[in-house]
Amino acid sequence: MSFWLARTRNGQFHDYIQRFDPCFWTVNFPRPMMASVVTTGPDSLRAECEFHHAGELAGLIWDSVDSLDHPLCAYVTDRNYEHTVLRFRWRSSGLVPLDAANGPTLTIEGFDTLDQPRSWYVRLWNYAEGTPEDAQITLPFSVLESGFTLPGEPVAVTRIERMFISLVPPGYAPGSTARLPARANGWVELSGIACEGERAMLEIGDVLLPPHGEQIATAYDDSFNQTPARLLRQARALGYRGRVLHYLGMSHFFRLEDGGGELVASPAGTLCTPAEAWHAAFLASAEAMGYAVIASLSYELFAAHCPEHWQQRAHDGTPARTGWEPPSALLSPAQPQAMAWLQAVAARFVALQEAAGLPALFQIGEPWWWVIPASRAPCLYDDAALTVLGGSAPAITDLREAMTASQLDLLDAAGALLAQSTAALTQAVRDAASGPAEVLLLAFTPTILDPEMPELKRANLPLGWAHPAFDRLQLEDYDWLTSGAQALRRAAYAEVDSRLGYPRERQDYLSGFVLLAEDADARWPLIDAGLDEAAARGVTQRFVWAQPQIARDGYTRLAAHQETDVQAFDDVLYPLALGRDTGVSPEFSTTVAVTASGHERRNSLWSDARLHFDVGPGVRSEHELGTLIAFFRARRGAARGFRLGDPFDFSSNGMTGTPTMSDQAIGRGDGLTAEFALVKRYGAGDEAQLRPITRPRAGSILVAVNDEPASDWTLAEGGKVVFETAPPQGAWVTAGFLFDVPVRFAEDRLDISAATFAAGEAPSVPLIEIREAV
């Protein structure tokens with residue numbers, strides 16, 4: 001299916017919003033405090049804060065540059081705030097009030113009249129009418145002054161980058177890392193938000209793409225700073241419907257409590273107030289827009305807030321750590337408190353789903369025993385695991401090595417323990433739901449089916465997960481997808497099908513993601529193709545992972561063209577012999593510009609020739625004429641393509657020779673790539689013209705790897721040779737074959753005269769080559 005990386009908006013629909021629209025405010029803050037912002041109406045918002053240290057400050061932010069929205073949904077950049085007035089009602093509680101020292105201050109970041117970067121600090125109390133916790137605030141930007149009292153220093157407002165309102169707890173001490181006596185919760189509401197003046201409106205993208213059949217994945221750790229309304233607006237505008245797969249994350253949703261001097265996740269599974277408020281708003285908005293939300297929870301927890309005894313460990317005591325910075329830890333499936341925490345969190349999210357009127361949909365995300373990347377040592381040896389698996393469990397230091405019988409038994413036992421933990425979590429979800437609950441399991445095949453660690457599946461793809469342990473099985477393989485490891489991907493699908501037995505209609509696929517923006521152009525085509533491939537395999541629930549990358553890179557999935565049906569191809573051969581007088585005309589497209597001096601500048605627009613045929617001279621009898629007319633009508637004129645044997649060029653060996661396995665080089669192995677498209681070269685060296693061969697004759701194909709005959713391949717659609725095992729690094733892949741040309745009738749009308757045909761005059765039957773995608 002078609003897609004587009006939209007870097008900018010260029011003629012697409014737009015609308016206008018009031019500057020300072022509540023949907024587009026954000027929050028930011030230092031960890032470990034938490035804050036969130038949600039819209040509470042068309043002109044109102046509410047921010048929640050949870051503080052743990054005296055020096056923590058949250059900012060409620062308006063940015064002149066929309067760097068968070070998809071380019072087709074973003075508002076335009078306008079840094080000039082001259083003659084603009086912002087009004088709103090302020091109500092707050094649990095924060096330093098407006099009239100106090102360190103009270104809410106509007107920090108404006110921009111450039112002064114000398115074009116130097118500056119910040120100004122506008123005390124909101126100076127522009128308020130009312131009480132310190134309930135006031136009407138009016139900010140006339142052209143005459144704003146910074147400072148604790150008025151008059152103050154005038155603020156330059158023609159180049160403002162961003163502004164934020166500071167929110168701090170009682171007892172705030174700038175820069176302090178001292179813990180507060182107790183957790184402090186506060187909130188602020190801005191209502192009646194109104195912008196007036198010359199620059200009160202902003203143009204904003206207002207696309208509404210047709211639904212394309214794909215679904216979207218979000219993650220709270222990546223979007224906690226935005227309003228739920230903003231995220232869902234984008235999803236709908238970009239054509240995503242059905243389900244939203246929402247990863248709850250590993251660092252921001254949970255409440256922190258004292259755990260022996262350190263802040264750790266509350267063992268009761270309590271959510272922090274900002275996260276609870278955000279998710280309640282997210283789920284309610286999703287329900288109103290017709291989305292169902294799958295809440296996803298993994299066995300991963302931010303290491304700084306994970307109790308030590310909850311964590312998986314390797315044989316030498318090394319704790320499991322992911323590669324994120326700062327890292328997260330992996331929860332031990334054997335640790336009762338850790339598993340009880342997961343179950344309590346899951347139950348709370350089920351309650352939030354049902355409170356919003358949504359069905360209980362819950363994903364257990366990538367539960368596994370961690371493997372340390374450098375050493376390939378599995379983390380099966382925390383105290384709780386050893387209690388269950390046996391204190392004398394044999395050490396496994398490298399899963400790439402051959403395993404002994406006792407080591408294999410340990411991996412099997414670890415797999416059974418993992419399956420038991422997911423079964424308990426599944427039951428907790430079902431128990432928490434007032435009605436039916438759907439539980440899904442997500443598995444990441446590049447890790448759990450890494451061919452260098454063939455026995456790891458015993459622990460991380462346990463037989464206890466076999467159908468129907470979960471309602472749906474979800475798979476992602478983006479490491480292999482974006483590196484072109486097709487053979488490994490296919491082998492993994494087969495292994496999962498064989499081992500777990502989920503029918504295709506109960507399987508989902510996650511395609512993505514692009515971690516770095518500089519990889520966007522190379523990886524999004526592969527991700528998009530992965531969606532199409534999953535659809536071809538019969539996977540009906542497909543998700544793009546994930547929304548932050550979709551917005552950053554402008555990935556735009558387009559619905560199938562309505563003309564798809566008329567692009568059809570009938571894989572049948574033209575039924576008549578062509579005859580000696582058949583005409584064949586290769587055509588290129590070249591623009592030629594002649595300069596005033598008579599010199600030419602030529603630009604070749606096509607990399608491959610397009611063939612034209614006239615097969616009319618091959619019609620020799622009335623019987624053959626009837627065959628032609630019947631074939632023409634069956635193709636519906638020019639609507640449907642078919643095969644034609646070119647009498648002058650149909651072999652990989654010269655033009656008409658007998659194929660050999662070394663005729664054409666079709667690629668060079670890299671150890672990952674398993675698909676190679678058939679091609680034919682005309683000419684030699686760098687100047688050779690390359691012709692894709694999309695309609696080979698299947699029985700004629702010979703394939704070799706480094707001049708050795710190959711048999712572990714199949715022929716896929718479009719003339720692709722697909723190996724079961726990817727050819728090794730540096731190996732040359734060659735092929736020989738016979739082929740036909742994909743063509744169609746050039747016109748929708750076939751002109752035949754009985755009189756001229758009887759007189760021996762051949763009809764004209766023009767055909768034109770079809771350029772097929774490869």
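**Exercise 1.** In which kind of crossing, left-handed or right-handed, does helix 2 pass helix 3?

Solution. Before starting, note that this is a predicted model, where local features need pLDDT of at least 70 and side-chain atom pairs count only at pLDDT 80 or more, while totals for chains, interfaces and linings use all residues. Residues are numbered from 1 along each chain as its sequence is written, and side-chain values use heavy atoms, leaving out hydrogens and water.

Step 1: find the elements; helices (H or I, at least four residues) and strands (E, at least two) are DSSP runs, numbered from the N terminus.

Step 2: Helix 2 makes a right-handed crossing with helix 3; right-handed means that the near helix is turned clockwise from the far one by less than a right angle.

Step 3: list the partners. Pro228, Leu231 and Leu232 of helix 2 meet Trp278, Ala281, Phe282, Ser285 and Ala286 of helix 3 (contact: heavy atoms within 4.5 Å). Sorted by class, this contact holds seven nonpolar residues, one polar and no charged.

**Exercise 2.** Work out why helix 2 is largely enclosed by the rest of the structure.

Solution. Step 1: count. Helix 2 (residues 228–237) is largely enclosed because seven of its ten residues are buried, meaning under 20% relative accessible area with a 1.4 Å probe, protein chains only.

Step 1: name them: Pro228, Arg230, Leu231, Leu232, Gln234, Ala235 and Ala237.

Step 2: find the cover, which includes strand 3 (26–28), strand 17 (215–219) and helix 12 (547–553).

Step 3: look past the end. Gly239 follows helix 2 and has a positive phi, near 90 degrees.

**Exercise 3.** Compare the reach of helix 4 with its expected span.

Solution. Step 1: helix 4 (residues 336–355) has 20 residues. The expected span is 1.5 Å times one less than the number of residues.

Step 1: its first and last C-alpha lie 29 Å apart, close to the 28 Å expected.

Step 2: check both ends. At the start, a side-chain oxygen of Gln335 comes to within 2.8 Å of the backbone nitrogen of Gln337. Gly357, with a positive phi near 80 degrees, follows helix 4.

How values were computed. Buried means under 20% relative accessible area, exposed over 50%, partly exposed in between (1.4 Å probe, protein chains only). Ala, Val, Leu, Ile, Met, Phe, Trp, Tyr, Cys and Pro count as nonpolar, Asp, Glu, Lys and Arg as charged, and the others, Gly among them, as polar. A polar contact is a pair of N or O atoms within 3.5 Å; within protein, one must be able to donate a hydrogen and the other to accept it, and residues adjacent in sequence count only if both atoms are side-chain atoms.
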